Amino acid sequence: MSRHGFRVPVNPLMIFLPSFLRCRGAFLLALIPFLTLSVRAQQTFSNFQAASVVVGQTDFTSQDTTASPSVTPGPSEVALGPAGQMAVSDQSVGRVLIWNTVPTTNGVPADLVIGKPDFVTTSSGVTSSLMSSCEGVVFTSDGKLIVCDYGNNRVLIWNTVPTSSGQAANVVIGQSDFVSNGAGVAADKMAGPRGVLVTPSGQLIVTDYNNNRVLIFNSIPTTSGASADLVIGQGTLGTATFGSGADQMFSPVGCALASDGKLLIADSSNNRVLIFNSVPTANDASADLVIGQTAFGSGGSGTTSSTFINPIGVALSPTGQLSVSDFGNNRVLIFNSVPTADGAAADVVLGQPDFVSNTAFNGGTTASSMQSAFPSAFTADGRLLVPGRDMSRVMIFGTPAVVPSVTTLAATAVVPTGGLLNSSVNPNGFSTDVHFDYSTDPGLAGATSTSTQNIGNGPSAVSVNAALTGLAPKTTYYFRVIATNVAGTTTGSILSFYTGVLGWDSGNGASASGGTLDASLIPTTGTQTFTDVNGQSFYVVVTTSNLNADGTASYFGDPGWWFEGGGPSSGYGSVTFQFFNSLNNQPYAVSGIDLRLLDAEVNERFRDFGYWDANNNFVSVGYGTGLLTFSNTPIYHATDNSYENNAAAEPGDQEGKWIELNLSNIAVTGFTLEAHRQTASAGSVIMGDIISPWAAWRTQYFGPAPFPASADDFADPDGDGVTNVLEYFYGTDPTVPDSPNPLQMTLVANRVTLTFPRNTAATDTTATVQGADAAGGPWTDLARSVNGAPFTALVAGVPVSESGSGAIVSVTVGDEFLITDPGHAMRYLRLQVVH
């Protein structure tokens, strides 16, 4: 791994390279962070927005008050469970309705009811299974359900989420047993509890409405009659006075906890919301901030964007939006974030057309109007659920999350011990985590998972990759992409790749079955494919045609690695060998091949030898140049397909003319060989001997193959931090340190911009400039150069230019976003070069 630092010439922020992804023939360079970025999705709300779904009524205009599974006469609070459940406390009936999932259509009936034996009973009671005027409700992360039984001056606890109607509670607090309901002012007494929450550390917080206080239990009680550990709003656990100071309260109702630990309490009769920077640890703690009032000590009401009338509920979305249920103003106020100053103004109002209106059912009973909004709740995907006792319904605002869309893509940069897994994932607007599973099992049994990447909340598909190392050579691996957001998990299709082998056999006598090359008998006609030999990504296609019945084309593993093909003396035939890149199906060039023509007929003439160059032109190679080596040793072909290396024919054998290609100890980069033979007339041999531009560049600086370790793709022989792959792409000298670094960053017209040289002779490279909002991606391809061509923009608005002429040109590529764009405040750019 390599790490470098560069300083921005016009900005004091440090540019850094978090990592290099090392894979055969690929080089990734990551750059340039700017400012900050929020990657989690949030719903967008607007003034007087219409709700999308109504629960408790069949439609938005109905106000039925007859208790049933689908009618809520007086809903007072909503809670969301860890498994997606929704609970609604129905104050007027003294019950809690539970839906197994949050409804997405109007009027969906509840799945079960507690506090009452069935959906139609409305009479109250005081037992472990009967309630009276229930309000606050909350699920815990470990599956408990807690309900404020306001009319019975107690809180009920179910140790598990109820699964049947009328199920009895397990624990009661505020009372010593399930049949008592007297009010009191003590550590183990309550007077009208209305709000409840559980902190991540397991504390239970209860707003004790008529005692003007909030009780804190250090853990959720497991026995009835438990005492609170401390109190806020009062100096002791035995007082119940009211006031408007920072350490006082007057009829608190709803409470909520922010992700950063802030505790918010709706102090209803003081017409304010108190904000504590953390959950208090001592009695009589003072709040740190107040909204609804400009300062502590005031309790007046109002109808503006910064004042309330009897606020009774607070809720926080997963992204930090704050809702305040402004009961007396018949509305809900939305703050885009938790305020940091006293008297802060709300950003959006629901239930009213503006911040100065407060008419109940303003404009009629519609999807936009409200009456007496009670404590609301946010779903995991940011939808807002608003209950209302006097409107006999729960309104759901926002759009449900959609699971990610995923496509598993073919692996690239595959080498014997690694590769790059690829996919395309669309978060569909919600924060999405992505990983890959891979295994040698076709069904991914015992799969290994890559590290999880969060790709943000964009509305369109992005590329997601993961580099694998330490794989087994010559092995087929199976993999797929898996993406998860708040709506669920999507799994991609299973694809596979083959890791190839580490090298050719060096003539040690290994057989085909035990050697490092997968091989089998090549058919008389057709094609045989071999995959990824010698640490390169390629396969060999061997095609034979027009052979007589006793002709053959075979692979032999002893004494070395040979491909052999030809025809009998009485006819003719052809054998074609060609190496292809497994990634793009393009043929490779090759050099250093030992080609031998073995012919028992001394009078055989071969006149033309040569190869096809990159422009498909035939280049003649003269006889005796060393490119081809000849032998007059007789070779016999046995009719039983055995191999005979002697001059004596056995019965039934036929004398043949054979082309043999020795691949032992050769760093093959690809070739095409075609051997044509005729008994009485001229034949020809055509073989590819085209050295690639990358091989030519390495030969220029490091001498002919075999190359030293200093010529490796990622070696840095001059120690300047620029590896050989980049030196080749830039057209710089790998033996002379570069100063400054050829890759430079500047700000041009408020865009992060990369400038770098490009070697026009590097016609076997693909280079891509990519941008991202986070160091871990997802990365967007901004501009690309293919096979040495000039860079072109891949995204509308990306500025791309090249200047100069000749062997080296200067490339400039800008980001797609301005640094002033608030939606993309932190930006990373990187240059990817693959050969």
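This is a predicted model: local features need pLDDT of at least 70, side-chain atom pairs count only at pLDDT 80 or more; totals for chains, interfaces and linings use all residues.
Four strands make it up, and it is open, with the order β9-β10-β11-β12. The pairing is antiparallel. At the edges sit β9, residues 134-139, and β12, residues 171-173, each of which pairs on one side only. From one strand to the next, the twist averages 20 degrees.

Now the β11 and β12 pair. Strand β11 covers residues 154-158, and three bridges join it to β12. The two run antiparallel. As for individual residues, isoleucine 157 has valine 171, in β12, as its bridge partner.

Next, the proline. Proline 318 lies in the loop that links β21, residues 311-316, with β22, residues 322-326. Is proline 318 buried, exposed or partly exposed? Its relative accessibility is 31%, so proline 318 counts as partly exposed. Proline 318 and threonine 379 are 61 residues apart along the chain, and their C-alpha atoms are separated by 8.0 Å.

Last, the cysteines. How many disulfides are there? The count is zero, with the cut-off for a pair of cysteine sulfur atoms set at within 2.5 Å. Take cysteine 148: the closest cysteine sulfur belongs to cysteine 255 and is 7.9 Å away, so the two are too far apart for a bond. On accessibility, cysteine 148 is buried, with a relative accessible area of 0%. Cysteine 255 also counts as buried, at 11% relative accessibility, because the limit for buried is under 20%.

Methods
Residues are numbered from 1 along each chain as its sequence is written. Side-chain values use heavy atoms; hydrogens and water are left out. Two strands pair if DSSP finds at least two bridges between them. Axes are lines fitted to C-alpha atoms, for helices over the stretch in contact, and angles run from 0 to 180 degrees between N-to-C directions. Buried means under 20% relative accessible area, exposed over 50%, partly exposed in between (1.4 Å probe, protein chains only).
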